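Please take a look at the fold first, and then we can walk through it together.

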Amino acid sequence: MTTIGVLALQGAVREHLRAVKACGATGVEVKRKEQLAEIDGLILPGGESTTIRRLIDSYGFFDAIQAFGKQGKPIFGTCAGMILMATAIQGQNQPHLGLIDMEVARNAFGRQVASFEANLEINGIADDFKAVFIRAPYATKVGADVTILSTYHEQIVTVQQGNFLATAFHPELTDDNRMIGYFVEMVEHAIGTNSSFRETNKI
Ligand code: GLN
């Protein structure tokens with residue numbers, strides 16, 4: 001059985017576990033870095049990125065998550081998780097984990113429209129995905145190795161770079177599990193249990 005961990009330091013953990021389970025994989029709350037050895041893929045949930053980063057440091061997760069990613073294991077960052085994965089953050093000197101070659105802007109849709117829903121076309125995944133944005137970031141620049149999977153009003157909101165995936169929205173907050181299902185397929189492909197993983201987004 002494919003096992004997917006959700007970093008459970010702060011944020012929308014339970015909803016991700018529900019969605020992972022609905023996609024036929026086993027979901028595990030990850031609270032200690034040693035648990036990374038027991039999972040095939042990791043979700044960094046939404047929440048508050050500076051808080052999650054502080055907890056990543058205090059629980060000794062920083063090097064362990066980077067090493068997990070360097071081994072080719074899939075990591076999926078949603079909202080605050082996308083910020084954690086970026087190599088640059090507008091207005092800040094230092095990024096966090098620096099896994100995806102992109103610059104992000106935090107709370108980028110403005111405080112007036114802090115939360116909203118939008119129908120997104122996500123390349124190879126869904127043409128009508130109801131995406132929930134909550135004080136969401138977007139990517140302002142991406143490197144040549146990054147595939148843009150969706151935009152909203154021309155802003156980049158879904159990206160993939162090899163075994164790394166990120167969305168500016170919260171895919172776990174509706175019962176449309178196609179986005180998380182895609183990540184589950186990425187993980188299955190990485191461990192060799194899904195040879196028919198769609199060619200277009202092959203990792
Ligand atoms: N605005 C938050 C941050 O900067 C992210 C919001 C979210 O994850 N829903 O960390």
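The notes below go from the overall fold to the core, the ligand shell and the annotated site.

This is a predicted model, so local features need pLDDT of at least 70, side-chain atom pairs count only at pLDDT 80 or more, and totals for chains, interfaces and linings use all residues. Residues are numbered from 1 along each chain as its sequence is written.

**Overall fold**
- The protein has five helices and twelve strands, taken as DSSP runs (H or I of at least four residues for helices, E of at least two for strands) numbered from the N terminus.
- Its C-alpha trace spans about 45 × 40 × 30 Å along the principal axes.
- Of the contacts with a separation of 6 or more, 65% join residues 24 or more positions apart; a contact means C-beta atoms, placed from the backbone, within 7 Å.

**Core**
- Buried residues make up 48% of the 203 residues, where buried means 20 or more other C-beta atoms within 10 Å of the residue's own, with C-beta atoms placed from the backbone.
- The largest nonpolar core has 66 residues, and Met85 and Ile100 have the most contacts inside it. Such a core is a set of buried Ala, Val, Leu, Ile, Met, Phe, Trp, Tyr and Cys residues joined through C-beta atoms within 7 Å.
- Beyond its neighbours up to four places away in sequence, Met85 touches residues including Leu44, Leu97, Ile100 and Phe164.

**Ligand shell**
- Around the ligand sit Gly46, Gly47, Glu48, Ser49, Cys79, Ala80, Ile83, Arg106, Asn107, Ile134 and Arg135, each with its C-beta atom, placed from the backbone, within 6 Å of the ligand.
- Gly46 belongs to the loop between β3 (41-44) and α2 (49-58) and is buried, with 33 other C-beta atoms within 10 Å.

**Annotated site**
- UniProt, in an unreviewed entry, places the feature "active site" at Cys79, His170 and Glu172; its positions follow the numbering used here, feature names are shortened, and annotations may be inferred rather than shown by experiment.
- These residues span 94 residues in sequence, yet no two of their C-alpha atoms are more than 11.0 Å apart, so they gather at one spot.
- His170 lies in the loop between β12 (164-167) and α5, and counts as buried with 24 C-beta neighbours inside 10 Å.
- Glu172 also lies in the loop between β12 and α5; Glu172 is buried, with 28 other C-beta atoms within 10 Å.

Terms used: A residue is buried if 20 or more other C-beta atoms lie within 10 Å of its own, exposed if 12 or fewer, and partly exposed in between; C-beta atoms are placed from the backbone. Two residues are in contact if their C-beta atoms, placed from the backbone, lie within 7 Å.
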